[in-house]
Amino acid sequence: MTIWEMLAVLAAGIGAGTINTIVGSGTLITFPVLLGVGLPPVTATVSNGLGLVAGSISGAIGYRAELVGQRDRVLKLCAVGAVGGIIGAALLIALPSTAFETIVPVLVTLALVLVILQPRISRAVQRRRAENGTTAGSDGGPLLIVGLLFSSIYGGYFTAAQGIIYMALMGMLIDDTLQRLNAVKNVLAVVVNSVAAVFFLFVADFDWTAVALIAVGSTIGGQIGAKAGRRLPPGALRALIVAVGTIALVQLLIYRYG
């Protein structure tokens, strides 16, 4: 990498760490930058995933006050997340690179649709619960376990919008505050990304310069995100994610079909 490319990756890491801590989708920033500096898609994915582990840890530490009293919930959900993360990582290695290049744009598109529709889905679920006179449970039940398993498989395969999916599921199925659920989301990201990264260490090639730059940047971003999480309006953040994700999708399509 040139010095300017290294600075771009570092800046992308800061942005990704910030956004991941607040809501998720930081990979939509780092992944296209890694492709832009010449990394192959699978190498970019595994290097990005390992680098972002440091940012997830930083964000979880920043939200440590909201984790008080959630030990049992965190342990239960993280066990499910670890299983899903390993499965997703294995799928990334097992599938041919052509399949990855085809699947990722679809995953990014689905992630963007989820970002856009999340407020509407949440309002619809709340209206349904009000009409039925029911409330969200304290642990989410079997439906949350199944949802988190599949979400973590996706997270082990490709991390874009992983946090948003977690927040959507927990927000609909667990009766707790958004900030406390966000704290759980950050710990889940640590576990899923870590188990996937350990798996990749034995079977995949990393660009260690990219890993180091993203790790440093995302660690800084994790602290920024933890401080800014309660201040940034949801609408502004959602618009930012959609804008960055759209750019990423265009770049992926150009890479695939250009």
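On a 1 Å grid over the protein atoms alone, a cavity is a set of points where a 1.4 Å probe fits but cannot get out, and its lining residues have an atom within 4 Å of a point. This tour of a predicted model, numbered from 1 along each chain as its sequence is written, keeps to pLDDT of at least 70 for local features and 80 or more for side-chain atom pairs, while totals for chains, interfaces and linings use all residues. Side-chain values use heavy atoms, with hydrogens and water left out.

**The whole chain**

Begin with a cartoon view, in which the protein shows 10 helices and zero strands, taken from DSSP runs (H or I of at least four residues for helices, E of at least two for strands) and numbered from the N terminus. Of the 258 residues, 51% count as buried, where buried means under 20% relative accessible area, exposed over 50% and partly exposed in between, with a 1.4 Å probe and protein chains only. Among contacts (heavy atoms within 4.5 Å) between residues at least 6 apart in sequence, 84% join residues at least 24 apart.

**The largest nonpolar core**

Next select Leu77, Leu144, Leu148, Phe158, Met170, Leu188 and Phe200, which touch the most other members of the largest nonpolar core, a set of 52 residues. Such a core consists of buried Ala, Val, Leu, Ile, Met, Phe, Trp, Tyr and Cys residues joined through side-chain atoms within 4.5 Å. Helix α8, residues 178-203, gives the most to this core, with nine residues. Apart from this core lies another, of six residues, including Ala12, Ile19, Ile22 and Ile29.

Now centre on Leu77 and display its surroundings: leaving out residues up to four places away in sequence, Leu77 touches Leu144, Ile145, Leu148, Met170, Ile174, Val184 and Leu188.

**Phe200 and its neighbour**

Move to Phe200, in helix α8. Beyond its neighbours within four places in sequence, Phe200 is in contact with Val46, Ala89, Leu92, Ile93, Gly156 and Phe206. A C-alpha to C-alpha distance drawn from Phe200 to Ile86 comes to 9.6 Å, although the two are 114 residues apart in sequence.

Phe200 counts as buried because its relative accessibility is 4%, whereas Phe199, at 27%, counts as partly exposed.

**The cavities**

For the largest cavity, of about 150 Å³, select Asn20, Ser56, Gln162, Ala189 and Asn193, the nearest to its centre among 16 lining residues. By class, this lining has two nonpolar, 13 polar and one charged residues, with Ala, Val, Leu, Ile, Met, Phe, Trp, Tyr, Cys and Pro counted as nonpolar, Asp, Glu, Lys and Arg as charged, and the others, Gly among them, as polar.

The second largest cavity, of about 70 Å³, is lined by 13 residues, and Thr45, Gly49, Gly156, Thr159 and Phe200 lie nearest its centre. Helices α3, α6 (141-157) and α8 each supply at least two residues of this lining, which divides into seven nonpolar, six polar and no charged residues.

Terms used:
1 Å grid on protein atoms, 1.4 Å probe; cavity = no way out; pocket = protein on both sides within 12 Å on 5 of 7 lines; lining within 4 Å. Points joined across faces, edges and corners; volume = space filled by probe spheres on them.
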